[in-house]
Amino acid sequence: MSQHCRSLTCGPDAMDLPVRFSPKSNSWGTSNSTMMAHPESDLMEECLKEDLKFYFMNPCEKYRARHQIPWKLGLQILKIVMVTTQLVLFGLNNQLVVSFKEDNTVAFKHLFLKGYSGVDEDDYSCSVYTQEDVYESMFFIINQYHRLKNISLGMLGYEENEDDRIGLRVCKQHYKKGTVLPSNYTLNIDSEVEIDCIHLDPQVLNSENSGHWMNSSFFSLEFYRLLQVEISFNLKGIDLQTIHARELPDCYVFHNIITFDNKAHSGRIKIYFDTEANIQECKGLHVSGSSQKNTQYILMFDVFVIVSCVTSLILCTRSIVLALRLQKRFTRFFLEKYKRRVNDADRWEFINGWYILVIISDLMTITGSILKMEIKEKNLTNYDLCSILLGTSTLFAWVGVIRYLGYFQTYNVLILTMQASLPKVLRFCACAGMIYLGYTFCGWIVIGPYHEKFEDLSTVAECLFSLVNGDDMFATFAQIQQKSILVWLFSRVYLYSFISLFIYMILSLFIALITDSYDTIKKYQQNGFPLTDLQEFLKECSGSEEYQKQVTTPMTFLCCCRRRESDDNLILIN
């Protein structure tokens, strides 16, 4: 039969499956002469059934049936180990980068912000309340920049800004003109905004008349017109702590911006300190020891990861193509034999979502590894993008392990429950989400002015989600300001109704949906799953027991997970 099946499936739509058993084995109890007597359609049907049966086997059954070594299984296990190792190495290096940036940010705030307490007041670092404090804070920044090399503990130096000039750039935004007399509520403002800038380079600050810039008309601020003052400067530094991790040092450029925000004209000017650290190529870097060698080893490991992911990508893409060709053969044969189309459920049986997940993981790992190698060469500064790619690809790689756990009935219960309950859970969440959004908007507009957790929409959504999980309930009730009795009473009705509705009703129904799917799966495993058209078609296959018992060769260590006969009804459940 094998030779006949092979000749019939050599067309463009044929499934590129391994060679079947030779006629000498007589695995189906049929000789060549008997098989030649069968009509061609019967041979095509038997070959299709054999290909389908082989396609839905697990790697261990494929090995027992045709001695096909599970290369993809071994490659995926190797890839998971390699990708996880790569992620851990990158994460340890990224921790050094993050700690260096955070330490420098704290150091800069203490160096350049006058009277900084060490803790930010809110989303801004500190604030001033008098005109004298504004001038003192501005001049303090400029003087500290001038004395930086003498006072800083870090390895810092001056760097050119976006204008290719070294020094500070001070810009102020203000209304074009206007007159304000609060005593009689007189206001005359031209809303057009003007921007004036001045550049202070180190030569000016080091000159004999270094203090003359303080008397410049630029620093004569009209606070009723002033919107904000922005002081920006660039610094460069070297991170030497990577040497302790046996890696080459990193060179950084710090883009610092200090903003005095007076847009509210409320009597308080908020001071924001923003810094952005970018890695630059180190010039004239000479480090003796094993740092250079370790860096080369890491780059070689990254190349090996890329090669393994490319191989996995090719194998999984090939499997998907072959599965689609087999689906096409089955769909065409089913239509010719039964005069009706295959239902959608049977079509989806051929689409293995695990392969798609692995392909996405491989593509992300390849891209992330290339970016990681460029970071090592100091040509890329975006650690965030590389972290997202490597982290997500590792997540998908580990999630893909569930496919192999599904070959065991105990673990398969959990997987099938998740698959069965997912559509109902998504529909339920869509309905519950409408109620959740309604409470979010209502709480933001009503309670926002009286509660810090309801000041903006994202904070309101986070607060309500915490309440659903039973977190921070008392603090949410207690922190509402009692300036308005009406709002205070409304907040009580609002919070009690939300907690009661979501915890006692919606969350309970959510759990009930999953429990119902679990009970259904358990019942199916005891009484048998409903057979689809594809399963009914395979059930007609004769000689299945002889086919399963064909190979009696001892199992390898990769194929020790024999499936019990009681699990045969689960073979088509992906």
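**Close-up views of the predicted model**

**View 1. Thr476 is a buried residue, with a relative accessible area of 1%.** The structure shown in this and the following views is a predicted model. Thr476 belongs to helix H16, which spans residues 473-478. The value of 1% lies under the 20% limit, and Thr476 is therefore classed as buried. Glu452 is 24 residues away from Thr476 along the chain, and the C-alpha atoms of the two residues are 9.5 Å apart.

**View 2. Gln482 is found in the loop that lies between H16 and H17.** A separation of 10.0 Å is found between the C-alpha atoms of Gln482 and His451, which are 31 residues apart along the chain.

**View 3. Arg66 and Glu50 are joined by a salt bridge.** The closest N and O atoms of this pair are 3.0 Å apart. Distant parts of the chain are linked here, with Arg66 in helix H4 (residues 59-66) and Glu50 in helix H3 (residues 40-55), 16 residues apart. Both partners are buried: Arg66 has a relative accessible area of 11%, and Glu50 has one of 2%. Each value is under 20%, and the two residues therefore count as buried.

**View 4. Lys79 and Asp362 form a salt bridge.** A distance of 2.6 Å separates the closest N and O atoms of Lys79 and Asp362. Lys79 lies in helix H5 (residues 71-112) and Asp362 in helix H11 (residues 353-376), so that the pair links parts of the chain 283 residues apart. Lys79 is buried, with 2% relative accessible area, and Asp362 is buried as well, with 0%.

**View 5. A salt bridge connects Asp516 with Lys424.** For this pair the closest N and O atoms are 3.4 Å apart. Because Asp516 is part of helix H17 (residues 485-527) and Lys424 is part of helix H14 (residues 409-447), the contact ties together parts that are 92 residues apart in sequence. Asp516 is partly exposed at 42% relative accessibility, and Lys424 is partly exposed with a relative accessible area of 27%. In the model as a whole, the count of salt bridges comes to 10.

View 6. The patch is formed by Met434, Ile435, Leu437, Phe441, Trp444, Ile445 and Leu457, which together have about 670 Å² of accessible area. Ile445 lies in helix H14 and is exposed, with a relative accessible area of 57%.

**View 7. Helices H5 and H12 cross in a left-handed manner.** The axes of H5 and H12, the latter comprising residues 383-399, come within 10 Å of each other and cross at roughly 150 degrees. Angles over 145 degrees count as roughly antiparallel, and H5 and H12 are therefore described in that way.

Notes:
Residues numbered from 1 in each chain as written. Predicted model: local features only at pLDDT ≥ 70, side-chain atom pairs only at ≥ 80, totals over all residues. Heavy atoms only, no water. Salt bridge = Lys/Arg side-chain N within 4 Å of Asp/Glu carboxyl O. Helix = DSSP H or I, 4+ residues; strand = E, 2+ residues; numbered from the N terminus. Buried < 20%, exposed > 50% of the residue type's maximum accessible area, 1.4 Å probe, protein only. Patch = residues over 30% accessible without salt bridge, like charges linked within 9 Å, V, L, I, M, F, W, Y side chains within 5 Å. Areas by Shrake-Rupley, 256 points an atom, 1.4 Å probe, with all protein chains shown as cover. Axes fitted to C-alpha atoms, helices over the stretch in contact; angles between N-to-C directions. Parallel < 35°, antiparallel > 145°, perpendicular 65-115°, else oblique. Left-handed = near helix turned anticlockwise from the far one by under 90°.
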